[in-house]
Amino acid sequence: MTDALSTDEYRTLLATAPGSAFDADTVSPDVTRLFTPSSHRRALDPDVTVVRGARGSGKTVWTKVLGDDRMREIAAASYMMPRLDRMTVATGHSRGGEPNLHHPSKNVISKLVADPRVTPQHLWSAVVLTGLQAPEILRIEGWDKRVRWVADHMESYERALWTIDQEARKSGRTHLLIFDALEHLHNDRPVVDRLVSGLFEVALDLRMSTSAIRAKIFVRPDMYESAPKHFPDASKLGANATDLTWTTENLYGLLYHQLGNHPSLEAEKFRAWTGSWRREGEGRFIAPVDVIATPKRQHDLFVTMAGPYMGPSHRRGHTYTWLPNHLQDGRGQVSPRTLLQAVSTAATISRDRHPTHEHALHYDAIRASVSTASQIRVDEITEDIRWAAVAVEQLRGGQVPMQPSVVLAYWRDASLSTKLREVLANGSQGSGPEDVDNHRELIDELERLGVMTRRAAGATDLRDYAVDIPDVYRLAFGIGRKGGVSRRPH
């Protein structure tokens with residue numbers, strides 16, 4: 001059997017391989033780095049209309065995978081879902097909205113919804129026909145004219161759908177329209193809610209009235225809950241929904257997949273040491289099932305790299321569970337990119353500060369890496385949900401758990417409402433909260449986003465619960481906790 005990696009070899013691999021994991025917002029997934037966690041299979045099923053997922057859970061990754069023939073082929077084989085190989089995919093909404101895409105940009109949407117004659121249902125129906133390349137809609141130039149045509153010619157719209165559906169059925173193919181980045185539809189949250197509600201209605205109608213035309217909507221859980229569902233058959237939407245979640249086994253499976261697929265001698269040695277990896281071509285390797293799915297095997301591998309405990313004994317915690325526990329948000333979810341970056345950072349810190357340590361990852365380095373991971377997570381929400389970052393930033397220097405009345409006092413003293421209005425006026429970071437002046441409701445919204453948690457769950461009276469903030473946000477915001485991971489000094 002091949003010798004195990006040395007401590008230095010493990011450090012080199014851990015420092016470099018996780019960092020090569022793609023950022024779906026800027027880089028498309030590739031053959032070697034694509035990982036297919038078992039819990040995400042249903043999210044790719046064409047018949048599943050709504051896929052709920054928090055920031056960083058994989059919504060944009062799967063949007064890009066579904067839109068790429070080779071990536072979709074890999075997913076089809078991995079999930080044993082041959083239907084994915086018989087699909088024609090179009091993007092119904094994504095971040096950006098360049099003129100050559102099948103959907104209007106954010107600025108165009110803002111102009112359209114300002115017209116009282118335009119309903120969200122008509123807007124999305126026009127997007128659907130454009131994505132399906134219906135001749136009736138392609139002859140019309142300009143989104144305003146396309147939307148008005150749909151509003152005035154619903155019978156023609158339905159006939160066009162029927163024709164496309166019949167042709168797809170005969171050919172054995174499915175048309176899939178993908179909608180992502182819905183938080184960037186508009187700056188005004190109530191408008192976003194109406195747009196998302198209209199999209200749900202149009203997508204559900206496609207699900208029920210056609211056989212070979214499907215819509216798949218990737219949406220944050222809080223946005224799903226916030227959107228009104230007063231249209232016919234809305235109760236059926238939940239039956240056609242699923243959630244993008246990452247179990248601990250999925251997270252470590254992703255880590256080991258990255259280690260085994262890195263183009264290095266250390267990765268080759270890692271594959272030889274950990275079992276029989278299957279070569280799929282194009283530089284892609286598939287790990288043994290136990291490496292990506294069996295907790296005991298994953299635990300033992302991580303102990304080889306990091307040792308069993310977060311200190312000299314078990315009293316400080318176990319490395320395998322400590323890391324994901326301290327990276328999870330208020331909904332109990334860990335961003336895969338955050339975990340990979342934490343491991344890479346821990347390896348680098350271990351090499352620089354603890355070069356003679358017997359394991360590749362020193363427990364103090366793992367602890368320090370959480371602060372770095374926290375900054376990454378905060379950068380993410382600052383980019384996508386800036387109002388949430390601004391709200392929590394006002395608590396800097398405080399300590400949790402914190403009574404809601406104290407949170408409200410911080411916000412009042414900082415003139416939070418004024419600052420949030422300035423953020424929304426900027427218009428570059430998604431939609432805002434439902435009401436910038438209702439600070440108590442802001443706590444509830446931050447809780448739904450997973451940025452805050454509530455001690456004494458279920459309590460509603462301000463005196464009956466305390467506000468907490470998960471470490472993955474708390475550390476970068478400079479908020480203390482008695483007995484918690486230390487804040488990084490500034």
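Which residue in β4 is the bridge partner of Arg-52? Val-219 is.

Some ground rules. This is a predicted model, where local features need pLDDT of at least 70 and side-chain atom pairs count only at pLDDT 80 or more, while totals for chains, interfaces and linings use all residues. Residues are numbered from 1 along each chain as its sequence is written, and side-chain values use heavy atoms, with hydrogens and water left out.

The sheet, then. Strand β1, residues 50-52, pairs with strand β4, residues 213-219, in the parallel sense over three bridges. Pairing here takes at least two DSSP bridges between two strands. Elements are DSSP runs numbered from the N terminus: helices are H or I with at least four residues, strands are E with at least two. Both strands belong to an open sheet of five, ordered β2-β3-β4-β1-β5, with parallel pairing. At the edges sit β2 (87-93) and β5 (241-243), each pairing on one side only. On average, neighbouring strands of this sheet are turned by 20° against each other, direction ignored. Helix α3, residues 59-66, packs on the sheet and touches β1, β2, β3 (174-179) and β4. The direction of α3 makes about 155° with that of β4. For angles, axes are lines fitted to C-alpha atoms, for helices over the stretch in contact, and the range is 0 to 180 degrees between N-to-C directions. Contact means heavy atoms within 4.5 Å.

Thr-242 has a relative accessible area of 12%, so it is buried. Buried is under 20% relative accessible area, exposed is over 50%, and partly exposed is in between, with a 1.4 Å probe and protein chains only. Leaving aside neighbours within four places in sequence, Thr-242 contacts Arg-42, Ala-43, Val-48, Val-50, Val-51 and Arg-52. That brings us back to Arg-52, the bridge partner of Val-219.

Next, the aromatics. The whole structure holds 10 aromatic pairs. Rings of Phe, Tyr and Trp (its six-membered ring) pair with centres within 6.5 Å; planes under 30 degrees apart are stacked, over 60 edge-to-face, the rest tilted. Trp-124 and Phe-179 are edge-to-face, at 5.6 Å centre to centre and 85° between the planes. The two sit 55 residues apart, Trp-124 in helix α6 (residues 120-131) and Phe-179 in strand β3. Both are buried. Now a second pair. Tyr-256 and Phe-270 have ring centres 6.4 Å apart and planes at 40°, so this pair is tilted. Tyr-256 is in helix α12 (residues 248-260) and Phe-270 in helix α13 (residues 265-274), so the pair ties together parts 14 residues apart in sequence. Tyr-256 is buried, at 0% relative accessible area. Phe-270 is also at 0% and counts as buried.

What about the nonpolar cores? The definition: buried Ala, Val, Leu, Ile, Met, Phe, Trp, Tyr and Cys residues joined through side-chain atoms within 4.5 Å. The largest has 77 residues, and Tyr-256, Leu-323, Trp-411 and Leu-446 have the most contacts inside it. Helix α17, residues 336-353, gives the most to this core, with seven residues. Apart from it lies another core, of 48 residues, including Val-50 and Val-127.

Leu-323 takes us to helix α16, residues 319-327. Seven of the nine residues in α16 are buried. Among them are Tyr-320, Trp-322 and Leu-323. The cover over the buried residues of α16 includes α12, α15 (295-306), α17, α18 (363-384) and α23 (471-474).

Gly-432 sits between α21 (416-426) and α22 (439-449). Gly-432 is at 0% relative accessibility and counts as buried. Not counting residues up to four places away in sequence, Gly-432 touches Asn-187, Arg-189, Trp-387 and Leu-424.

Last, a hairpin. Strands β6 (residues 278-281) and β7 (residues 284-286) pair in the antiparallel sense over three bridges. Arg-278 stands opposite Ile-286. Two residues lie between the strands, and Glu-282 in the turn has a positive phi of about 60°.
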